[in-house]
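Here are my notes on this one, point by point. Have a look at the model first, then read on.

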Amino acid sequence: MHESDEVIERVAMTLRREAVAVSPDFDARVMQQVREESRQVAAPGVWRWMTRSRTVRVSPLAGLAVAAGVAGVVALAAREGTVDVPAGAPAPVAIPAASVPNQQMMQFVFVNDSASKVAIVGDFNDWDEGVSPLRRVSDKGVWTITIPLAPGRYQYTFVVDGTTWVPDPGAPRTLEDDFGRPNSVITVGDATT
Amino acid sequence: MTRFGQAVVVLALVAGRVDAQDSRLSRLDRRVQTEVAALVDSARSMGIPSEPVVDKALEGAAKRAPNDRIINVVRSRFRELVAARGALGSGALDAEIIAAADALHAGASAQVITSLRTRRPNVPLTIPLAVLADLIARGVPADTASSAIIALALKPATDAEFAELRADVESDIAKGVPPAITTAVRTRGVPPGARIPIATEASTPGVGVTSASPKP
């Protein structure tokens, strides 16, 4: 059965079960709608003529001539559209498609089956434990998060249950130990180089 | 202007100053906050990135380090950024300056950074400098690591090749190859992924599955 048939059948069943009160002006509103739609269908013949598809036969030479004409019009329009910028005026600024251009999605994975919560803190989130919590993705203690990072070198570490700082065992660590707890390092390259 | 008017102007200026200050600094102790704000102002006026200074202070606060320690570390970070900017020259990208500061912090010399810039004037140095810092952090002597990076830059290597060198060296070190040897050998053209023969190869250490990797 067609989907619309099912809808109609359900409406019909409902109507059979209970009486429906119809507004007195219901007929008038329906007929008004019908008249408007019929006017739209009977649109001017010109529009129908213009929108109907046709097959047009053109010789290669004529096609080239038309293409050259179109190219000339476009070039002329582009030239007319050029505006001389006065000296000292601010240069136009290209707006990147994303808020931070050239970011790459970096996935961090951490394994700990006894943790109740895991977060990542680092140079990319102001070392704020509340910003980037990892999501537990398996009952075997796999935690993960994906973070967009611009090219650069970042230090980070994991925080388990809000108390234990654990560097990433799968990433290089910093040589220095500025604050008594080592960090891991991730380097994001520029995709264009 | 009346005394009241002067007071209003001063208050407005102070309020504007406080408002303009990075709200993240409120996580810092007042004394650290003042120090960091001054360093940030200096960094901006010198055209070097200020974010690493703020990051370092926030890291110290998150790790509950003593105020004096945080102040010392952020001052040191600031000095390294200034030196990195000097070594790279004008027009350096913020990411390059930060990576160069990391390399200096690890033990690389400013001359090596300048040398890299001279050899790759129009190509970002973020990855080569980051790899340099990472190699030194992994135990490769600074001179050996510097030579390796400059040799690759002369090739000239792509960012992917620099990253490959780091991955190979880390892999070799994990297998027990001395850091200096693997770096020197890998730089001389051992194919990526190839094993460096060594008499005493340590067993694979027990490492967690943790990793950070680009997501397609």
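1. Contacts first: two residues count as in contact if their C-beta atoms, placed from the backbone, lie within 7 Å. On that basis, residues 24 or more positions apart account for 61% of the contacts in chain B with a separation of 6 or more.

2. Some housekeeping. This is a predicted model, where local features need pLDDT of at least 70 and side-chain atom pairs count only at pLDDT 80 or more, while totals for chains, interfaces and linings use all residues. Residues are numbered from 1 along each chain as its sequence is written, with chains lettered from A and ligands numbered from 1 in the order in which they are written.

3. Chain B has 10 helices and 1 strand (DSSP runs numbered from the N terminus: H or I of at least four residues for helices, E of at least two for strands). From the N terminus the order is α-α-α-α-α-α-α-α-α-α-β.

4. The largest nonpolar core has 77 residues. Such a core is a set of buried Ala, Val, Leu, Ile, Met, Phe, Trp, Tyr and Cys residues joined through C-beta atoms within 7 Å; buried means 20 or more other C-beta atoms within 10 Å of the residue's own, again placed from the backbone. V36(B), A57(B) and I113(B) are among those with the most contacts inside this core.

5. What does I113(B) contact, leaving aside its neighbours within four places in sequence? The list is A84(B), A87(B), L88(B), A100(B), A103(B), A108(B) and L129(B).

6. As for the A–B contact, 35 residues come from chain A and 38 residues from chain B. Strand 1 of chain A gives the most to the side of chain A that touches chain B, with 8 residues.

Terms used
A residue is buried if 20 or more other C-beta atoms lie within 10 Å of its own, exposed if 12 or fewer, and partly exposed in between; C-beta atoms are placed from the backbone.
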